[in-house]
Amino acid sequence: VICSVRCITFTTDFGTQDWFVGTMKGVVQSLAPRTNSVDLTHEIPPGDIRAGAFALAVSYAFFPRDTIHVAIVDPGVGTSRGAIAVRTDHYVFLGPDNGVLSWALSRERVRAVHTLENRRYFLPEVSSTFHGRDVFAPVAARLSTGFPLKELGPARADFIRLDWPEPTLSRRGIQGEVLYIDRFGNAITNIAARHLTSLPRNPTIFLRKKRLCAVAATYQSVPFGSPVAMVGSSGFLEIAIHGGSAAQRLRLRRGMRIDVRNRLPDPSRSTTNRR
Amino acid sequence: VICSVRCITFTTDFGTQDWFVGTMKGVVQSLAPRTNSVDLTHEIPPGDIRAGAFALAVSYAFFPRDTIHVAIVDPGVGTSRGAIAVRTDHYVFLGPDNGVLSWALSRERVRAVHTLENRRYFLPEVSSTFHGRDVFAPVAARLSTGFPLKELGPARADFIRLDWPEPTLSRRGIQGEVLYIDRFGNAITNIAARHLTSLPRNPTIFLRKKRLCAVAATYQSVPFGSPVAMVGSSGFLEIAIHGGSAAQRLRLRRGMRIDVRNRLPDPSRSTTNRR
Amino acid sequence: VICSVRCITFTTDFGTQDWFVGTMKGVVQSLAPRTNSVDLTHEIPPGDIRAGAFALAVSYAFFPRDTIHVAIVDPGVGTSRGAIAVRTDHYVFLGPDNGVLSWALSRERVRAVHTLENRRYFLPEVSSTFHGRDVFAPVAARLSTGFPLKELGPARADFIRLDWPEPTLSRRGIQGEVLYIDRFGNAITNIAARHLTSLPRNPTIFLRKKRLCAVAATYQSVPFGSPVAMVGSSGFLEIAIHGGSAAQRLRLRRGMRIDVRNRLPDPSRSTTNRR
């Protein structure tokens, strides 16, 4: 091989204002000095498991084979919730067994799941509030140096999975929802590119039962300041404002309903006597 | 050579709350595992090309020779705006052709400019919203492993340049403006150290036509809480408050006029009959 | 040895919105391309030496031996305040001599203290506002390549130490204070685990002279939304809210008094005739 550098990614809600992330990297550096620690993000809202699961699911595949992905959004830290290491065909995933890994794992073929129980591979003292530093960082570091997964603890058959909010497809169109709002204020929905292909005509977006915009190819397809919907870089339909924040301007929030309909009015509706 | 580690820097408006920056590093790591990705900053205000251009211009020269500087502030992503790779005597610069590279390039001797057109060096699928991940990261990674610039696309003679707001020098002094406000609330102006040497006496700063402060050597030259002007670490005159935020306290904004005058009142003014 | 990779950590108040941190890494990369720069945090509140000292003190020991820890919270930059390099049994510490290193150093055995005076090891031009880039980064980089400490400048006997606010122990309990508020809104006090062992019964926390909560083992020991106190990952008693921000909900601020008392009412008080 050209290069033996292994990579560990971190997806957490630890923020960057304190020393939490830095100390995890110190632990990795101590145990695996040649391993490369990469921040996916540490700005997952505190305790927001679904946001962490989404961030990991849309990113992990851009890393090299054998990367160890660590996701720690862990409101149950210190309780008896399990912690798991999961090997798939291409990666290892590490995190609390609360679903934060599950949306990524649903895209992979799972080879083995092990519970993190062998305290020999943790730091000597494990705090009850910072398993990122005391459990996950040392285990990730050791895995990155070739340590076998099965030494970590007993194998198990399964892990906790979060529901994925599948959109509803009907003759009238697609009913989806906002899954994630990004830094630009773009609202990423659960409507995938493949769902749109099921529609016979160029589709139109409805928000709060009112027509919002058409589906376009770029932000610039509409005038500056206008709403636009397009399949974004995560493979999902996004609602955006050309040059602005859709979340702010349209008061979008996660979970809000987004409808995609055919451009023409629904025939059953157009025949309705509105009087 | 002692070391073959190449360096890629990123200057973007992607923020750090999402997975955008992390996935770019994943792409680099996949294609060039020994290359070192360094964040210049990802907090350029969304779409603010001038802020990105300034950040790059005052920083790039502190990196080792052959560093690949990637700057992505790209409100036109997905349109037909060009993307360019520019080789100078010491560095390679990569970004959209919208001026974001131009203030750095104006300080360098340009050797070659190529348009990024050869899709073979992009990721297999290029989204319309995230060229950082799909175009710039893979191209930067490949350049860092020695890939020749000319393979990327056709050479071109020039690139888009942003105006640089040159201060106005006159017998009465210098008329400049605020270029950038930093995290401490210091206001960096377009008045360079060399402009100040043209003044015959110790200069005085005027804001909103009122005397603000003298030019000093350190923040501590004035009492705590007082305004002070000094040549900062970027080589430009900065307006600061000792121990506070000048931007907040003096309500400074980018583009605001800053005058530097000789300490004595202008003779033509002192003879004015104010009654 | 398995690996010669040296590590430099940075703890600063520079923030990440500008290019400051990136340029420091550029300087390190230029002078020591194989050295690994790690961010501890750059979000120390501007000029807050005590917050920087605390962040460093609770983190430095998680890094490998011979790591060079650079802490720059430096409101006196540009004045005649000294800058020091300190070698301890396991690490090197670098920073302004204003106390920012002192809480970490109080946990280490100090071997040598040198003033940074030899300008040959700085960047050729030293600005008066950014010693992080012009002094500390090049010195740290050179130390990381094996450069001897004593070349930096004359040895000195001592350095400036910040007071550590030791809690007051009495028969009635412990009187401590809030030292640091973290990203989750947890309030870290100066009451260490060992202080709690001095109490004869399970202790109770008092805030503003009112009973707040008991000391527990995990956040989840109390109902969602309730206050809880526990020894956190830094080894100090922390006040938290299960699933919320204690700082916000309880209006906690640094320096606020926190009392730990025995669970039973104080006998002298229970006999008081309150009429």
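Only 6% of the interface residues of chain A are also interface residues in chain B, so the copies meet through different surfaces. Contact here is taken as heavy atoms within 4.5 Å. The model is predicted, so to speak of local features a pLDDT of at least 70 is needed and side-chain atom pairs count only at pLDDT 80 or more, while totals for chains, interfaces and linings use all residues. Residues are numbered from 1 along each chain as its sequence is written, chains are lettered from A and ligands numbered from 1 in the order in which they are written, and side-chain values use heavy atoms, with hydrogens and water left out.

On to how the copies are arranged.

Next comes the interface of chain C and chain A. The size of an interface is often given as the accessible area lost when the parts come together. Here the two chains bury about 2,500 Å² between them, with 58% of it on carbon and sulfur atoms (buried area being the accessible area, with a 1.4 Å probe, that two parts lose on being put together, summed over both). Of the area that chain C buries against chain A, 29% is down to C:Phe62, C:Arg183 and C:Ser233, more than any other three residues supply. Chain C puts 32 residues into the contact, and chain A puts in 32 residues.

As for charge pairing, the interface of chain C and chain A holds one salt bridge (a side-chain nitrogen of Lys or Arg within 4 Å of a carboxyl oxygen of Asp or Glu). A:Glu43 and C:Arg183 make a salt bridge, with their closest N and O atoms 4.0 Å apart. Polar contacts between chain C and chain A come to 13 residue pairs, both residues at pLDDT 80 or more; such a contact is a pair of N or O atoms within 3.5 Å, where within protein one must be able to donate a hydrogen and the other to accept it, and residues adjacent in sequence count only if both atoms are side-chain atoms. On the side of chain C that touches chain A, the elements giving two or more residues are β2 (36–41), α2 (49–57), β8 (173–181) and β12 (227–231) of chain C. The largest share, five residues, comes from β2(C). Helices (H or I, at least four residues) and strands (E, at least two) are DSSP runs, numbered from the N terminus.

Over all chains, the salt bridges number 31. In chain C, the side chains of C:Arg133 and C:Asp134 pair up at 2.6 Å, N to O. C:Arg133 is buried at 4% relative accessible area, and C:Asp134 is buried at 0% (buried is under 20%, exposed over 50%, partly exposed in between, with a 1.4 Å probe and protein chains only). In chain B, B:Arg111 bridges to B:Asp89 with the closest N and O atoms 2.6 Å apart. This pair links distant parts of the chain, 22 residues apart: B:Arg111 sits in strand β6 (residues 110–115), and B:Asp89 in the loop between β4 (83–88) and β5 (92–96). B:Arg111 is exposed at 53%, whereas B:Asp89 is partly exposed at 25%. In chain A, A:Asp89, A:Arg109 and A:Arg111 join in a network of salt bridges.
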